[in-house]
Amino acid sequence: MALGWALFASTPAHSAAAQPEAVDPALRQALMSAVKDSATFSNRFEAEVWLLDMSTRLQRLMPDVGRRMALLKTVHAEASRAGLDPQVVLSLIQVESAFQRFAVSSAGAIGLMQIMPFWIDEIGRPDDNLFDMRTNLRYGCTILAFYLDKENGDLTRALARYNGSLGEYWYPSRVASALQARWYAR
């Protein structure tokens, strides 16, 4: 995925993953479909190379190898299912939750990708657990992919929408910095 980043000076922070004024029916449908779908690695060799590389990069932030590999496999699967670059998703997770599965923001956003809880009711799945790694990643990747499509591939605007700060560039800049510093090839 080619990334067209526009990096600007930081502006005051907004709440991560803020609830929109009105829920977009197409996004609701995308989430409903995504929670029923599943994905796996399509090319085992490339997946293993990627897992080893990303595991090395994540080791300092997540020392337990079992948890780390489970997270990376799930990130790769969910990002790929949604048509996203898994390294962009890792960057977003680094910024949103610092890889803390049980993170809760001051705005009430939950988990790795900081999903707002209203989504579980909005799509009619009140039993979904947003602290569950796969569920959280499925929701987050679906939401980001939806916004990326809505913004015609403009990742900067899609990330700002994801964060609830459309029109501001402090959040996309933070994700771009994490991507450049840790997740892309050196």
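Trainee: What makes residues 1-20 a part to be read with caution?
Mentor: This is a predicted model, and pLDDT stays under 50 over residues 1-20. The model does have 53 contacts beyond four places in sequence for that stretch. Where pLDDT is low, however, the predicted coordinates should not be read in detail. For the chain, the average pLDDT is 83, and 77% of the residues score at least 70.

Trainee: Why is the contact between Arg81 and Glu78 called a salt bridge?
Mentor: The term requires a side-chain nitrogen of Lys or Arg within 4 Å of a carboxyl oxygen of Asp or Glu. For Arg81 and Glu78 the N to O distance is 3.1 Å, so the pair qualifies by that cut-off. Both residues lie in helix 3, three residues apart, which is about one turn of the helix.

Trainee: Why is Glu78 called buried, while Arg81 is called partly exposed?
Mentor: Buried means under 20% relative accessible area, and exposed means over 50%. Glu78 has a relative accessible area of 0%, so the residue is buried. Arg81 has 21%, which falls in between, and is therefore partly exposed.

Trainee: What makes the salt bridge of Arg138 and Glu78 a tie between separate parts of the chain?
Mentor: The closest N and O atoms of Arg138 and Glu78 are 2.5 Å apart. Arg138 lies in helix 6 (residues 133-150) and Glu78 in helix 3, so the pair joins parts that are 60 residues apart in sequence. Both residues are buried. Glu78, Arg81, Arg134 and Arg138 are linked in a network of salt bridges.

Trainee: How do you know that Glu151 and Arg161 form a salt bridge?
Mentor: Their side chains meet at 2.4 Å, N to O, and the cut-off is 4 Å. Glu151 is in the loop between helix 6 and helix 7, whereas Arg161 is in helix 7, 10 residues apart. Glu151, at 10%, is buried, and Arg161, at 25%, is partly exposed. The whole structure holds seven salt bridges.

Trainee: What makes up the lining of the second largest pocket, by class?
Mentor: Seven nonpolar, one polar and two charged residues line this pocket. Among the lining residues are Met62, Leu71, Phe99, Gln100, Arg101 and Met133. Met, Leu and Phe count as nonpolar, and Arg as charged. Helix 3 (residues 65-82) gives the most to the lining, with three residues. The space in the pocket is about 160 Å³.

Key:
Residues are numbered from 1 along each chain as its sequence is written. This is a predicted model: local features need pLDDT of at least 70, side-chain atom pairs count only at pLDDT 80 or more; totals for chains, interfaces and linings use all residues. Side-chain values use heavy atoms; hydrogens and water are left out. pLDDT is the predictor's confidence in each residue, from 0 to 100. Contact means heavy atoms within 4.5 Å. On a 1 Å grid over the protein atoms alone, a cavity is a set of points where a 1.4 Å probe fits but cannot get out, and a pocket is an open set with protein on both sides within 12 Å along at least five of seven lines; lining residues have an atom within 4 Å of a point. Grid points are joined across faces, edges and corners, and a volume is the space filled by probe spheres set on the points. Helices (H or I, at least four residues) and strands (E, at least two) are DSSP runs, numbered from the N terminus. Buried means under 20% relative accessible area, exposed over 50%, partly exposed in between (1.4 Å probe, protein chains only).
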